[in-house]
Each structure stands twice: as structure tokens, then as C-alpha cells.
Amino acid sequence: KLAGLNPDDADYQEKLNALAEQKAERAKARFLKMAEVREKISDILTEEQLEKFDEMAQKQGKRGKKHHRHS
């Protein structure tokens, strides 16, 4: 965890790099899993349905920052 690292430690940069690598690996794994799921879905859905799926997936990714709009 970044907050647990002390910039004054001799191996601070090394620990920082290791932490960055872990985060990058997790992000890469998530990205590859999403790509795999999308590939499987693209075999099933029509082009129009796939566009709708992408739209919904994008909204899902922003769910933590949802803004309610009143019509």
C-alpha cells in the first residue's frame, strides 16, 4: 500500500515499483477478461446489440459517479 511506504527508506523506489507492477498486472488482467467476455458476446449478439452492450458496459464502469437527471 502506498500510504505504508516511507520515502526515506533506502528501498523506497524498489517498493514503489513493485506496487506499481502489482497494480498494472491487476488492471491488465481486468482488461483482458473484459476483452475475452466481449469477444464471446460478439459471437452471439448482432452489431446493434453489441453497440448497446458496449454502451451499458460503459455506464456500468461509471456507476460510482452516477448523476441523476430528471426529465
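Colleague: Before I start pointing at things, what am I looking at?

Modeller: A predicted model, where local features need pLDDT of at least 70, side-chain atom pairs count only at pLDDT 80 or more, and totals for chains, interfaces and linings use all residues. Residues are numbered from 1 along each chain as its sequence is written, and side-chain values use heavy atoms, with hydrogens and water left out.

Colleague: Okay, how many helices and strands are there?

Modeller: The chain has 2 helices and 0 strands. Both terms are DSSP runs numbered from the N terminus: H or I over at least four residues for helices, E over at least two for strands.

Colleague: And what percentage of the residues is buried?

Modeller: 6% of the 71 residues. Buried means under 20% relative accessible area, exposed means over 50%, and partly exposed is in between, with a 1.4 Å probe and protein chains only.

Colleague: Which residues line the largest pocket?

Modeller: M34, A35, V37, R38, F53, D54, A57, Q58 and G61. Helices α1 (12–42) and α2 (47–61) each supply at least two of the lining residues, and the largest share, 5 residues, comes from α2.

Colleague: How does the lining divide into nonpolar, polar and charged?

Modeller: It's 5 nonpolar, 2 polar and 2 charged. Ala, Val, Leu, Ile, Met, Phe, Trp, Tyr, Cys and Pro count as nonpolar, Asp, Glu, Lys and Arg as charged, and the others, Gly among them, as polar.

Colleague: R38 is on that lining list. What is R38 in contact with, beyond its neighbours within four places in sequence?

Modeller: L50, F53 and D54, where contact means heavy atoms within 4.5 Å. With D54, the side chain of R38 meets in a salt bridge, 2.7 Å from N to O. D54 lies in helix α2 and R38 in helix α1, so the pair ties together parts that are 16 residues apart in sequence. Their C-alpha atoms are 8.6 Å apart.

Colleague: How many salt bridges does the structure hold?

Modeller: There are 7, each being a side-chain nitrogen of Lys or Arg within 4 Å of a carboxyl oxygen of Asp or Glu. One of them joins E36 and K40, with the closest N and O atoms 3.4 Å apart. E36 and K40 are 4 residues apart in helix α1, so about one helical turn separates them. E36 is partly exposed at 35%, while K40 is exposed at 52%.

Colleague: What does K15 form a salt bridge with?

Modeller: D11, with the closest N and O atoms 3.7 Å apart. K15 is partly exposed at 37%, and D11 is partly exposed at 29%. D9, D11 and K15 are linked in a network of salt bridges.

Key
On a 1 Å grid over the protein atoms alone, a cavity is a set of points where a 1.4 Å probe fits but cannot get out, and a pocket is an open set with protein on both sides within 12 Å along at least five of seven lines; lining residues have an atom within 4 Å of a point.
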